[in-house]
Amino acid sequence: MDRRTYRRLDQCAADSLWSEHGSAHGQLPRTGRRQQAIRDVLCRLPPEPYSQLRQQAGRFQWYVPDEHVLGQVYPLPATYDPSTNGTPAPHARLLYLSPTLEHHDAPVVVTIVAHELAHIILDHDLYDLDGRQSAHQESEVRAAMRMWGFQVDADRADMILFCQVLQAAGLAHPRTGVT
Ligand SMILES: [Zn+2]
C-alpha cells in the first residue's frame with residue numbers, strides 16, 4: 001500500500017493547481033469529500049506525474065459545484081495552448097466532479113479524482129474520440145493509477161460500489177457493505 005505524501009497543499013496552490021477556496025469561483029465549500037479527495041490526490045501524486053500536471057495547470061479548469069447550486073452560467077476562463085504562444089486553445093477542458101460524490105465513501109471519491117486527473121496528466125485527446133481510442137486511453141489511465149499508488153483506492157472503490165449494487169438489489173444487508 002502506497003499512501004506516501006510528497007508535498008503539502010500550499011505547494012499545489014503555489015503551482016496554480018488548486019486553492020483553499022476550491023475553484024476560482026468558490027463553488028465548493030471548504031470541507032467536503034471532493035475537497036478532501038482533491039487534496040489527497042494532489043499531495044500523493046509521485047513527482048513525475050505531478051510535474052506533468054504542473055505543465056497542464058493553465059490548460060484545464062476544475063468545475064466542482066456545490067450541491068446547492070441548482071443551475072448556473074459558469075464563466076469558464078479561457079485555456080491556452082502553450083505550443084502556440086498563448087493563443088486560446090480550440091476547446092477548454094473542464095474537470096467536473098459531481099455533487100453526488102459528497103454521498104460516496106472516500107476511496108470512491110479519491111478514485112474518481114485520480115482517474116480524471118490522469119486523463120489531464122497523460123494529455124489525452126478528449127475531443128472527437130472513437131470507441132477504440134477511448135478504450136485505449138481508459139486502459140492507460142488504469143495502468144497509470146496502478147503505477148502512481150492509487151490501486152488500493154480503486155480496488156476498495158470497486159468493492160464499495162459492488163456492495164452498493166447488491167444492497168440496492170436487496171441481495172445484501174447494508175451492514176455487510178465495506179465502509
Ligand atoms: Zn476515463
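Analyst: V113 touches A37, I38, V41 and L97, leaving aside residues up to four places away in sequence. Contact here requires C-beta atoms, placed from the backbone, to lie within 7 Å. The model is predicted: local features need pLDDT of at least 70, side-chain atom pairs count only at pLDDT 80 or more, and totals for chains, interfaces and linings use all residues. Residues are numbered from 1 along each chain as its sequence is written.

User: Which residues of the largest nonpolar core touch the most other members?

Analyst: Those are V41, L42, V113, A114 and L117, in a core of 25 residues. A nonpolar core is a set of buried Ala, Val, Leu, Ile, Met, Phe, Trp, Tyr and Cys residues joined through C-beta atoms within 7 Å. A residue is buried if 20 or more other C-beta atoms lie within 10 Å of its own, exposed if 12 or fewer, and partly exposed in between.

User: And which elements give two or more residues to this core?

Analyst: They are α2 (33-44), α3 (47-55) and α4 (106-121). The largest share, nine residues, comes from α4. Helices (H or I, at least four residues) and strands (E, at least two) are DSSP runs, numbered from the N terminus.

User: At what angle do α2 and α4 pack?

Analyst: The angle is about 55 degrees, with the axes 9 Å apart. That makes α2 oblique to α4. Angles under 35 degrees count as roughly parallel, over 145 as roughly antiparallel, 65 to 115 as roughly perpendicular and the rest as oblique. Axes are lines fitted to C-alpha atoms, for helices over the stretch in contact, and angles run from 0 to 180 degrees between N-to-C directions.

User: Which residues make that contact?

Analyst: α2 contributes R33, R34, A37, I38, D40 and V41, and α4 contributes A106, V109, V110, V113, A114 and L117. By class, the contact has nine nonpolar, no polar and three charged residues. In this scheme Ala, Val, Leu, Ile, Met, Phe, Trp, Tyr, Cys and Pro are nonpolar, Asp, Glu, Lys and Arg are charged, and the others, Gly among them, are polar.

User: How do the axes of α3 and α4 cross?

Analyst: They come within 9 Å and cross at roughly 65 degrees. The two helices are therefore roughly perpendicular to each other. P49, Q52 and L53 of α3 meet L117, I120 and I121 of α4. These residues divide into five nonpolar, one polar and no charged.

User: Staying with α3, is E48 buried or exposed?

Analyst: E48 lies in helix α3 and counts as exposed, because it has 11 C-beta neighbours inside 10 Å. E48 and I121 are 73 residues apart in sequence and 9.9 Å apart in space, C-alpha to C-alpha.

User: What about D128?

Analyst: D128 has a positive phi of about 55 degrees although it is not a glycine. The residue is found in the loop between α4 and α5 (131-147), and is exposed, with 7 other C-beta atoms within 10 Å.

User: Finally, how many helices and strands are there?

Analyst: The protein chain has six helices and four strands, in the order α-α-α-β-β-β-β-α-α-α. Of its 179 residues, 20% count as buried.

Definitions and conventions: Contact = placed C-beta atoms within 7 Å.
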